[in-house]
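Please read it with the sequence and the coordinates at hand.

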Amino acid sequence: MPNTKRRRLFVRGAAATLAATLGATALAACGSSDEDSAESGPVSLTYWTWTPGMDKVVDLWNKGEGKKDQITVTVKKQASGDTLVTKILTAHKAGKAPDLVQAEYQALPTLVSNDALADIGKNVGDAKSKFADGVWQQTTLGTDAVYAVPQDIGPMMFYYRADLFEKYGLTVPTTWEQFAATARALKEKAPDTDLTTFSANDSGLFAGLAQQAGAKWWTTSGDKWNVGINDAATKKVADFWGGLVKEGAIDNQPMYTPAWNKALNTGKQIAWVSAVWAPGTLTTAAPDTKGKWAMAPLPQWSADENVTGSWGGSSTAVTTDSEHKDAAARFAAWLNTDGDALNALAKESGIYPASTSAQLSGAFTTPPDYFSNQADFYTTAAKIAKTTAPSAWGPNVNVAYTTFKDAFGAAAKDKSDFSAALDKMQADTVADMKKQGFEVSE
Amino acid sequence: MTTAHRRRSYGVKGAPYAFLLPATLLFALFFALPIGYALWLSFRKVHVSGLGLGSGARREVWAGLGNYTAAFTDSELLDGALRVLGYGCIVVPVMLGLALLLALMLDADKVRLAPFTRLAIFLPYAIPGVVAALLWGFLYLPDVSPFYFVLEKLGLPQPDLLDGGPLYLALSNIAVWGGTGFNMIVIYTSLQAIPAEVYEAAKLDGATPTQIALRIKIPMVAPSLVLTFFFSIIATLQVFNEPTTLKPLTNSVSTTWSPLMKVYRDAFGTGDLYQAAAEAVIIAFATLVLSFGFLRAANRRNKQDASHEGAR
């Protein structure tokens with residue numbers, strides 16, 4: 001911003017601009033762990049995570065399991081999402097990445113492609129059996145290696161104001177066609193009210209919807225990557241939402257703004273396509289409507305289908321820079337498969353576990369406070385989680401996600417052709433891969 | 001100079017260098033080295049072989065001018081520069097015009113509550129930019145803004161301030177609100193430094209307050225105006241906080257709205273440090289050329305004016 005920078009001398013300003021690109025390098029030097037290289041004896045591990053309350057869960061390990069083997073884990077709280085990926089990569093360049101990192105599933109190929117994640121296949125024991133196949137497959141990238149242990153998942157669901165659906169005489173849509181009809185019907189009955197909004201500020205939502213439709217954005221054949229971001233399935237999703245925005249059946253403003261909170265809280269928007277973590281968001285966004293919402297499976301593309309996509313979710317990975325990969329892998333497996341650890345994760349951090357057995361035990365036997373009216377919330381959620389479609393992430397998801405925000409943001413604003421925005425997303429992603437030297441076929 | 005003197009100065013010959021050392025060291029470590037590294041990075045790129053999975057699949061290689069040609073052929077950078085130009089065309093004249101006007105008004109003979117007014121106008125400058133942008137952002141959002149509430153009650157039209165042309169006004173407003181006070185203080189201080197005799201002479205000659213302001217005050221604070229203009233240009237070229245803070249509130253601000261935002265996106269969004277480094281070098285160079293070009297032009301005019309005065 002102009003005013004604070006005005007005080008600076010010009011040269012400093014320019015240097016700061018340049019230094020901004022180097023800032024992450026400096027972070028690498030501060031944020032890493034220094035360990036003794038002794039293989040036996042006490043081991044101390046550093047863990048980068050953004051999960052709130054993780055320090056309390058790690059305490060369980062440090063005082064129990066870890067104490068026996070003299071493995072101490074220290075949590076270093078991080079910012080979530082894309083920025084952490086960049087930070088890990090920069091730290092890795094300096095050879096100073098922490099032993100353990102939290103990584104979203106779609107970031108795993110990027111991290112593996114930068115050789116930042118170690119193969120922990122032989123250290124995680126029978127962890128595979130604890131997870132749904134579709135979830136586990138994301139941590140292997142379709143290879144024989146295992147690059148992470150799944151922690152939480154975000155199966156997508158449909159949330160709606162049960163009271164207002166009744167008031168307006170709407171039925172819960174089970175197909176996307178019905179969803180569109182519901183949106184139009186609502187517009188007729190209450191022109192100031194929207195069923196929902198198409199938001200372009202979270203790419204994960206669109207990726208999840210495409211995944212449900214059967215899209216495979218990145219696949220490999222031999223030594224070549226195939227990029228299918230504008231494949232038929234994704235086109236169908238883009239055109240569907242683009243059509244609704246264009247005809248004005250739904251809103252086009254972004255989520256997570258004060259205006260959006262208000263719309264949810266006052267019944268100006270009466271539904272939200274979201275994931276299992278929605279109760280947490282709704283608690284802060286729409287506190288006045290507690291107990292008035294209900295959750296249902298995501299609408300389907302055809303009536304005989306039953307699949308969902310995922311939005312969010314993350315895993316615990318061990319870096320190649322770690323000097324104690326075995327110990328780190330054992331901790332990663334414990335954290336995400338041990339009953340006590342998972343209970344603590346649910347209680348302290350409010351995550352929805354990837355481990356199938358944990359999805360129906362402990363904290364998940366009663367519905368979340370916000371949904372106290374829906375007693376079977378977590379039983380339904382566990383059923384929906386089983387229907388998650390397989391995902392197909394590639395080595396530059398960050399580029400695709402960034403392009404999505406700009407291209408779809410502009411298209412939503414102008415109510416213009418969504419499939420043109422999708423083509424732009426495909427073109428930019430392919431161009432970036434080619435620039436990096438990947439062999440790409442479209 | 002005596003011999004005794006010369007001998008003594010010989011003993012401290014190294015002193016200037018010793019005094020220079022800390023500054024030189026700091027300059028080398030924290031300015032020259034990062035700039036050099038950024039330059040180096042801007043000529044590099046990553047090269048992937050095969051699927052790019054596993055160790056050794058990724059190497060850093062020489063890119064030549066590739067990152068630079070990419071930056072110049074990418075319309076986003078140029079578009080961003082144009083957007084910032086449009087934004088600057090609103091911010092700089094409005095902010096400096098207001099600052100000058102307010103400074104002149106505060107400097108007028110009979111002003112009541114001057115210290116309070118000065119502080120009130122300066123106060124927004126003390127508010128961190130991100131906070132100011134958030135504050136205004138909330139005021140621009142129709143659903144939560146009290147302004148829109150009032151407009152609606154009065155039955156007046158409610159413009160969408162976060163879209164199209166009004167977006168520029170909305171962004172400029174934040175900068176003007178935050179920056180006017182600072183510039184006003186700079187101009188006001190130099191107004192205060194004008195000797196009272198000058199005004200006395202003007203009054204004796206029968207000059208009105210307006211004439212004094214236009215013919216005496218403004219020409220005499222011209223150096224301050226040049227300085228504030230210079231700072232404002234640099235600040236405008238570096239605009240980042242306001243659009244970045246408003247971005248989540250609207251679809252109209254892209255991640256590459258301003259050139260610096262594009263640098264940030266390439267470095268931290270898409271993870272291409274090399275491309276970001278090349279763009280940072282280009283922006284730094286453009287800033288250098290523009291701001292020093294302006295300073296030289298301003299200096300030349302001053303000299304010309306001075307020689308005219310002399311000729312007269």
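1. The model is predicted: local features need pLDDT of at least 70, side-chain atom pairs count only at pLDDT 80 or more, and totals for chains, interfaces and linings use all residues. Residues are numbered from 1 along each chain as its sequence is written, while chains are lettered from A and ligands numbered from 1 in the order in which they are written.

2. Between the chains, 52 residues of chain A are in contact with 62 residues of chain B (contact requires C-beta atoms, placed from the backbone, within 7 Å). The largest share, 10 residues, comes from α2(A). By class, this side has 24 nonpolar, 18 polar and 10 charged residues (Ala, Val, Leu, Ile, Met, Phe, Trp, Tyr, Cys and Pro count as nonpolar, Asp, Glu, Lys and Arg as charged, and the others, Gly among them, as polar).

3. Chain A is divided into domain 1 (36-153 + 311-372) and domain 2 (155-310 + 390-441), with bounds from an automatic or database domain assignment. Their centres, taken over C-alpha atoms, are separated by 28 Å. Domain 1 of chain A gives 22 residues to the contact and domain 2 of chain A gives 26. On the domain 1 side, α6(A) gives the most, with 4 residues, and the residues of that side divide into 11 nonpolar, 10 polar and 1 charged.

4. In chain B, the axes of helix α4 (residues 75-107) and helix α11 (residues 222-237) come within 10 Å and cross at roughly 150 degrees (axes are lines fitted to C-alpha atoms over the stretch in contact, and angles run from 0 to 180 degrees between N-to-C directions). α4(B) is therefore roughly antiparallel to α11(B), a term for angles over 145 degrees. The contact of α4(B) with α11(B) has 11 nonpolar, 4 polar and no charged residues.

5. B:I35 lies in helix α2 (residues 15-42) of chain B. Why is B:I35 classed as buried? B:I35 is buried because 20 other C-beta atoms lie within 10 Å, and the class requires 20 or more. B:I35 and B:A280 are 245 residues apart in sequence, yet 9.8 Å apart in space, C-alpha to C-alpha.

How values were computed. Helix = DSSP H or I, 4+ residues; strand = E, 2+ residues; numbered from the N terminus. Parallel < 35°, antiparallel > 145°, perpendicular 65-115°, else oblique. Contact = placed C-beta atoms within 7 Å. Buried ≥ 20, exposed ≤ 12 C-beta atoms within 10 Å, placed from the backbone.
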